[in-house]
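Open the model in your viewer and keep the sequence panel beside it. The tour below goes from one selection to the next.

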Amino acid sequence: VIIVAYFIVVVVVGLGSSFRKPGKDSQGKDIGASGEYFLAGKSAAFWAVGASLFASNIGSEHFIGLAGSGAHVGMSVSWGEWLSPWAL
């Protein structure tokens with residue numbers, strides 16, 4: 001029952017958002033456009049973007065998988081994680 005109610009709420013919110021007409025914010029920019037939603041209007045601070053990348057990359061399978069690979073192969077597995085910020 002709870003799962004069905006959750007999906008109904010998600011569908012209603014999604015449909016309500018998709019049919020909403022874009023308006024203007026306090027600075028005169030259009031709101032509701034996908035670029036404004038996904039890119040935060042290109043006004044997000046660097047630390048917020050970095051925290052978002054870090055949080056979306058880390059998960060339980062990440063910790064378990066790296067621990068298992070590190071035990072099997074060695075610490076060389078961790079270099080991919082240490083060097084990934086430079087690649088971004």
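Select Ile3, Tyr6, Phe7 and Val10 and show their side chains. In this predicted model, these residues make a nonpolar surface patch of about 450 Å².

Keep Val10 selected. Is it buried or exposed, or something in between? Valine 10 has a relative accessible area of 40%. Buried would need under 20% and exposed over 50%, so valine 10 counts as partly exposed. The element that holds valine 10 is helix α1, residues 2-19.

Now zoom out and colour the chain by secondary structure. The protein chain has five helices and two strands. Following the sequence, their order is α-β-β-α-α-α-α.

How many of the 88 residues count as buried, as a percentage? The figure is 5%.

Next, select residues 60-72, which form helix α4. What distance does α4 reach from its first C-alpha to its last? The helix has 13 residues and reaches 18 Å, close to the 18 Å expected at 1.5 Å a residue.

Continue to valine 77, in the loop between α4 and α5. Valine 77 has 24% relative accessibility. Since buried means under 20%, valine 77 is counted as partly exposed. Valine 77 and alanine 67 are ten residues apart along the chain, and their C-alpha atoms are separated by 9.1 Å.

Serine 78 also lies in the loop between α4 and α5. At 21% relative accessibility, serine 78 is partly exposed, because the cut-off for buried is under 20%.

The last stop is the largest pocket, with a volume of about 260 Å³. Which residues of its lining are the closest to the centre? Select Phe54, Asn57, Glu81, Ser84 and Pro85: of the ten lining residues, these are the closest to the centre of the pocket. Then colour α3 (46-57) and α5 (79-87). Each of these helices supplies at least two residues of the lining of the largest pocket.

Technical notes:
Residues numbered from 1 in each chain as written. Predicted model: local features only at pLDDT ≥ 70, side-chain atom pairs only at ≥ 80, totals over all residues. Heavy atoms only, no water. Helix = DSSP H or I, 4+ residues; strand = E, 2+ residues; numbered from the N terminus. Buried < 20%, exposed > 50% of the residue type's maximum accessible area, 1.4 Å probe, protein only. Patch = residues over 30% accessible without salt bridge, like charges linked within 9 Å, V, L, I, M, F, W, Y side chains within 5 Å. Areas by Shrake-Rupley, 256 points an atom, 1.4 Å probe, with all protein chains shown as cover. Salt bridge = Lys/Arg side-chain N within 4 Å of Asp/Glu carboxyl O. Expected span 1.5 Å × (residues − 1). 1 Å grid on protein atoms, 1.4 Å probe; cavity = no way out; pocket = protein on both sides within 12 Å on 5 of 7 lines; lining within 4 Å. Points joined across faces, edges and corners; volume = space filled by probe spheres on them.
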